[in-house]
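These are my notebook entries on a structure that I looked up by element. I set out what I checked in each place.

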Amino acid sequence: MIPLSVCMIGKNEEKNIEKCLSALMPYGFEIIYVDTGSTDRTKELAAKHGADIYDFEWIDDFSAARNFSLEKATHDHVLILDCDEFLTKLDMEGVCAAIEAHPLGVGQICRHSYTGSEIGGNASTEEIDRVFNRRKYHYIYKIHEQVADRESGSTDYERYPVPVTADHVGYVGSAEEKQRKAKRNNELLFQEIKRNPEEPYFYFQVGQSYNLIDDYENAYVYYKKAFSLPLNLENVWVHVMANNFIAACIQTSREPEALALYLPVYDDYAMDANFLCSIGSLYLNLTPPQPLKAMMEFVKVLQAPVSLEGADLSSAALFGMGYANELLGNFAAAQNFYEKSAAKNYAAAIQKLATDTERSI
């Protein structure tokens with residue numbers, strides 16, 4: 001077995017850290033916890049769960065704190081986690097086999113990020129860079145830090161999947177909490193933009209901050225700026241941005257603009273079921289809507305294999321097919337698709353069926 005150090009940073013994570021560390025206990029990891037100024041019981045609870053605790057003076061730089069945690073690890077290979085991430089799956093034999101097969105690469109874990117006012121709301125699935133050799137890689141950027149090669153500074157490297165899955169609740173909270181988080185994040189991001197005005201990643205992250213607080217107009221502005229700069233489609237975040245940019249265009253009644261941007265490069269994104277769902281939704285929100293073209297996109301989603309990390313977008317596609325049939329006047333087919341979507345626990349479909357039932361009474 002390849003020994004792993006779990007490296008974490010945090011501040012005032014009393015409500016999350018016990019659940020996070022409890023999931024790690026069965027594996028006997030070395031746990032490095034770097035605290036950036038907690039005033040609650042975070043450090044006490046971390047010690048209770050066997051973490052090695054180090055204090056770090058906060059200097060408005062997440063990468064600095066991350067890299068400090070890497071320095072304190074005693075094993076070469078590390079797994080990076082946040083206090084608001086809870087492991088739901090970890091196959092150590094599979095992790096070790098993946099590392100051995102990709103000694104110079106960076107392993108990606110699967111993360112389900114929940115949004116809303118409480119845990120259990122809507123979730124997005126993403127693959128994020130979290131397993132690597134700390135002697136070859138470290139972190140760059142003050143916020144929304146990225147793994148980079150220590151020698152070249154490049155964030156373009158071999159990525160490979162590792163059998164680790166976690167739930168992320170960092171986007172769960174009240175509107176006021178999300179506003180504070182977005183403001184803090186953007187203050188640091190604007191500093192990075194000032195230093196690196198041609199780096200699209202920072203504009204993407206500003207868009208994400210505005211998206212978090214449902215400010216779709218500003219989200220649109222920053223996503224659009226990112227797309228005006230050279231992009232590497234191998235970066236997972238570019239595909240995430242494509243979906244979110246389409247959503248922002250729908251929210252701000254700019255559907256034709258989104259189509260004009262994506263149709264010429266459709267094939268670059270068409271292997272991504274999230275993108276196909278987004279394009280289907282785009283067709284449904286045009287004026288006038290184009291339900292037949294939307295149906296074609298949703299059918300492609302249903303034909304796509306379920307990803308290794310378990311992301312299944314069929315429920316969203318079935319709901320979209322229901323709405324498309326409703327627009328076409330085929331209400332029996334629409335009902336059938338809504339029922340199939342609801343059977344997969346898709347919230348919008350459940351709500352739709354409940355509303356239709358109330359109206360018929």
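**Loops and backbone**

I began with Ser-253, which sits in the loop between helix H8 (236-251) and helix H9 (255-262). I took helices (H or I, at least four residues) and strands (E, at least two) as DSSP runs, numbered from the N terminus. The model is predicted, so local features need pLDDT of at least 70 and side-chain atom pairs count only at pLDDT 80 or more, while totals for chains, interfaces and linings use all residues. Residues are numbered from 1 along each chain as its sequence is written, and side-chain values use heavy atoms, with hydrogens and water left out.

Ser-253 is not a glycine, yet I found a positive phi of about 60 degrees there. Its relative accessibility is 58%, so Ser-253 counts as exposed. The classes are buried (under 20% relative accessible area), exposed (over 50%) and partly exposed (in between), with a 1.4 Å probe and protein chains only.

I then turned to Asn-345, in the loop between helix H14 (331-343) and helix H15 (347-360). Asn-345 also has a positive phi, near 65 degrees. With 64% relative accessibility, Asn-345 counts as exposed.

I looked up Pro-288 in the loop between helix H11 (273-285) and helix H12 (291-303). The peptide bond that joins Thr-287 to Pro-288 is cis, and its omega is near -5 degrees.

**Strands E8 and E9**

Strand E8 (residues 137-140) pairs with E9 in the antiparallel sense over 4 bridges; pairing requires that DSSP find at least two bridges between two strands. His-138 stands opposite Ala-148 in E9. The hairpin has 5 residues between the strands, and Tyr-141 takes a positive phi near 85 degrees.

Is strand E9 (residues 146-149) covered on one side or on both faces? I noted that both faces are covered: Gln-146 and Ala-148 are buried on one side, Val-147 and Asp-149 on the other. In a regular strand, side chains alternate between the two faces of the sheet.

**Helix H5**

Helix H5 (residues 175-195) has 21 residues and reaches 30 Å from its first C-alpha to its last. This is close to the expected 30 Å at 1.5 Å a residue, where the expected span is 1.5 Å times one less than the number of residues. I listed its buried residues, among them Lys-178, Ala-182, Asn-185, Leu-189 and Ile-193. An α-helix has 3.6 residues a turn, so residues three or four places apart point the same way.
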